[in-house]
Amino acid sequence: MDRRTWNFIIVGLVVAVLFAVGVSQLGSPNPDGLEYVAEREGFIDTADDHAFGDAPLADYGANLGGGDRVNTAIAGIAGVGITLAVGWGLFLLARRAGRRDTPHVTDR
Amino acid sequence: MHLPDGFINGTTSAAAGVVAAGGVGVALRQTGRYLSDRQVPLAGLVAAFVFAAQMFNFPVISGMSGHLLGGVLAAVLVGPWAGLLIITVVLVVQGVFFADGGLSALGLSVINMGLIGAILGYLIYRVLLRVTTRSDRGVALSAGIAALLSVPLAALGFVVQFAIGGVGAASMSTVFGTMLGTHLLIGFGEGILTSLVVGAVMASRPDLVYGAPGYQGDRTEELV
């Protein structure tokens, strides 16, 4: 792949990390739309506790034991890294499987 | 818009899981066929970006925030089927590692944010692209409007799921009204964010944008 596209991807990742670590901290602490409606319409209590609620990164780092800002920053970096790895891996596999199915597609 | 476990009963959640898995299966096949080499890391980047953007909750009305869903954004950048996979990856990562979104409700969320948000959202984008101008600004504008509309449509997906298998005694008509009303407002945030990001990519690397009128996949590498 060409250098310009790699540069684009690196810049994009930097922006994603800045969003996850920094911009996310400037956001509103209020519930999102669905949660808000569930509270208002009285069905929020039908929600069960999350099966992995005690996981280290649960609720974006709430269990990490540092300060709020540090927890969110760690969760943000970890999340960007995990989604990048899982996404890239999945698309790589899909692409390889697709090549086998359609042998006329030439690799360049 | 991530459903926790418990809002929707088990049977409906399981049925939604089957539908979502079918959609993801089709998406894997389709993506394998059309994805170009350089879209592989690009799609990974878009997944990471959607995750990051979803961590930011923008204020909407007093006591309520909204966050990007990202379906139209991902679909316009790397194609609708890759967009569905990106939303699925983000939801799975959030559910497994971040306790955000119930695991039994994963299928319901994939339908709302992926099948509706990315696939239906992309179809709306293509229709809008015909009526707006086919310029760079037309791409960003169409993506923004499609993104705006995708949020109340995804909310409508939840309302249907709630009508079929909702737990509790909430009134259907008020749930319908408040879900649609609040998510129409959240849609404006979705539209603005999507338009800004698509506009920025169109300004720097229009050749990478799957939904751009002149998109040619890897063939553009010969021309550069």
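Analyst: Happy to; here are the labels, each set against its definition. This is a predicted model, where local features need pLDDT of at least 70, side-chain atom pairs count only at pLDDT 80 or more, and totals for chains, interfaces and linings use all residues. Residues are numbered from 1 along each chain as its sequence is written, chains are lettered from A and ligands numbered from 1 in the order in which they are written, and side-chain values use heavy atoms, with hydrogens and water left out.

User: Why is B:Leu69 called buried?

Analyst: Buried means under 20% relative accessible area, exposed over 50%, and partly exposed in between (1.4 Å probe, protein chains only). B:Leu69 has 4% relative accessibility, so the label buried applies. You will find B:Leu69 in the loop between β2 (64-66) and α3 (71-78) of chain B; helices (H or I, at least four residues) and strands (E, at least two) are DSSP runs, numbered from the N terminus.

User: Which residues is B:Leu69 in contact with, beyond its neighbours within four places in sequence?

Analyst: Contact means heavy atoms within 4.5 Å. Among those partners are B:Met1, B:Val50, B:Ile87 and B:Val151.

User: How do you know what span to expect for helix α2 of chain B?

Analyst: The expected span is 1.5 Å times one less than the number of residues. For the 16 residues of α2 (residues 39-54) of chain B that gives 22 Å, and the end C-alpha atoms are 22 Å apart, so the two agree.

User: What makes a space a cavity, and how many cavities of 30 Å³ or more are there?

Analyst: On a 1 Å grid over the protein atoms alone, a cavity is a set of points where a 1.4 Å probe fits but cannot get out; lining residues have an atom within 4 Å of a point. The count is 2 cavities of 30 Å³ or more. The largest cavity holds about 60 Å³, a volume being the space filled by probe spheres set on the points, which are joined across faces, edges and corners. Its lining includes A:Asp32, A:Gly33, B:Leu69 and B:His183. The second largest cavity has about 30 Å³, and B:His2, B:Asp100 and B:Ser109 are among its lining residues.

Methods: 1 Å grid on protein atoms, 1.4 Å probe; cavity = no way out; pocket = protein on both sides within 12 Å on 5 of 7 lines; lining within 4 Å.
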